[in-house]
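Please consider the following notes alongside the coordinates.

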Amino acid sequence: MKRRCAVWLFLAGVILAAAGCGGSETGLEHKPITVKGSDTMVILAQRWAETYMKEHAGVSVQVTGGGSGTGIAALINGGTDICNASRPMKDSEKAMVAKRHGEEVKEIPVALDGVAIYVHEASPIQSITQAQLKSIYTGRIANWRDIGGKDQRIVPYSRENNSGTYVFFKEHVLGNEDFAREIQTLPGTAAVVNAVSKDPASIGYGGIAYATGIRAIPVRRDENSEPVAASLATVQSGEYPLSRNLFFYTVGEPGGDVRAFIDWVLGMEGQMICEEVGYYPVVRK
Amino acid sequence: MTVPALPKLAQTGILGDRLAALVIKGSAFLTIVSLILIFVFIGKEALPVLTSAEIRQEANLSNLLLPQAPRAGAAPEFTWQPISEIPKYSILPLFAGTLKVTVIAVLIAIPLAVGAALYTSEFAHPWVREIIKPCIEILAGIPSVVVGFFCLMVIAGWLQSSFGFTYRLNALTAGIGLSLAVIPIVYTVAEDAFSSVPQTFREGSIAMGASSWQTASRVVLPAGMPGVLAACVLGFGRAIGETMIVLMASGNAAVLSWSPVDSVRTFSATIAAELGEVVQGSPHYHVLFFLGAFLFILTFAINLMGRWWIGRLQRKLQGAS
């Protein structure tokens, strides 16, 4: 009983804290810059923050994950300076920011990512089309035999519905249809990678930066097109069908320390870190 | 005659006593107050599902309890799909999933834990007991996220390769992991119950010519029964509310089925996975609190019923002895 109380208390505390940390104080010098959102981007943002803090003494950048949805909710509620998102904000969300803060959202693409399709190392599947992926994840294809594999039930893994990767996949691959009920969801791409690496009949999706220990298979836009593997060239050119922008969002035009940090991220050094972590630099217009 | 030193000493003693009593009383009431505050908070956030017209357009009791068509023209079904063009908030698959995992965990944990408790209190050599008891209690100290990860990486693979399950992560895997969290609780309480059975009961039984197994199973076990039941209720409560283990090991697919090797999604895992993301005040947000309130009431009712039953049994046993 007591233990459960403690859990509830903690949960309540977290929610209260989340609700309570509105109001941003201005005028203070070197107030910590808070960056919150996408789990996919946590590693990247962390590296940016570390390097930036090393070079700019006195500035502190605090990075937390939780999912793009979490970051966007925090931006709406005034709980963060910068929101990390691995999907574009919806119009309804932008409207909520404008309503709460009286300022438009500023969208800044900071890196490119490809959503990789993972299979087990021993899987005979060499490539997959977007239509096949859709059929698998909406439950219309349930056996590997139907797409040229062994006679074996497909075990698809997905991310939890608070992840930007989930929303990207739902919109881009499923054409906004619902995932089948049998799809198993796991917290974090690392958990998906782990699960796929243990099960020869499985398939999963997630960020390319995570793709170790399993095989990322090339994706075909349709049956007649060539399979394209995710790489710097194919993602930047848009040839790889499952690529996306990773964004920073701020309320209004950022200023001061936040502006300086974002400029640095978009500069040479920030974009080089992108590549080191396994993402792709944004194409400068 | 005057004894000036004594009253002063006594006075400070009394003051200290009062202060201590106040602190202890305060901390006892703090638990009750926080319990009530939490319930009020959850209830307040859950209530719009029943009262607010705006929220009820998307999420209302009939949505939550009755089947819903996933898209226009399709057959209605029980689905949990909150991120969708037509959000679907059927709580039945979650309820069934929670129950499935909990029952599996309890079925595994109770026989093991009660058996172990009976062994350590009745049969084990004192030094064996001194090893087993702390070991089982240490099990309670392992963070549940570690147990969950162990299930995901080791137990799931082992079960699949031994039995050939289609889904690596399923109710059974999560139930086994969950039983690791339940065993120490049931064991500790049951062991205490057996140890507090008066020694005269055992002596009497052996004097009548019963073997030590007969003594343990026919005298000590029934005499400790109220304690064992209390242990089971506590264990059930622990299992139904546990989050990390099921989040990592159950696969989290909200499937409604009878099979113990299908993937399941529980209330607690749903709340943990989704509450971080929702926009405050949205229907999804209030539905999650509704789930929380439901879980709260469910465990509260189980505890209450358990306690009532145990009290009755205790009175019956005392009357009989």
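1. A crossover is called right-handed if, with the strands pointing away from the viewer, the path from the first strand over the helix to the second runs clockwise. In this predicted model, strand E1(A), helix H2 of chain A (residues 42-55) and strand E2(A) form a β-α-β unit of that right-handed kind.

2. The two strands of the unit, E1 (residues 33-37) and E2, run parallel and are joined by four bridges. Within this pairing, A:Ile33 is placed opposite A:Val61 of E2(A).

3. How many disulfides does a search of the whole structure find? Over all chains the count is zero. A:Cys274, for instance, takes part in no disulfide: the nearest cysteine sulfur belongs to A:Cys83 and is 16 Å away, whereas a disulfide would require the sulfur atoms to be within 2.5 Å. A:Cys274 is buried, at 0% relative accessibility, and A:Cys83 is also buried, at 0%.

4. In chain B, B:Thr266 belongs to the loop that links helix H12 (244-249) to helix H13 (267-274). Is B:Thr266 buried or exposed? Its relative accessible area is 3%, so B:Thr266 counts as buried, the cut-off being under 20%.

5. The side chain of B:Thr266 comes to 3.2 Å from the backbone nitrogen of B:Ala269. Beyond its neighbours within four places in sequence, B:Thr266 is in contact with B:Leu94, B:Gly97, B:Thr98, B:Val101 and B:Val246.

Key: Residues numbered from 1 in each chain as written. Chains lettered and ligands numbered in written order. Predicted model: local features only at pLDDT ≥ 70, side-chain atom pairs only at ≥ 80, totals over all residues. Heavy atoms only, no water. Buried < 20%, exposed > 50% of the residue type's maximum accessible area, 1.4 Å probe, protein only. Polar contact = N/O pair within 3.5 Å; in protein donor to acceptor, adjacent residues only side chain to side chain. Contact = heavy atoms within 4.5 Å. Pairing = 2+ DSSP bridges.
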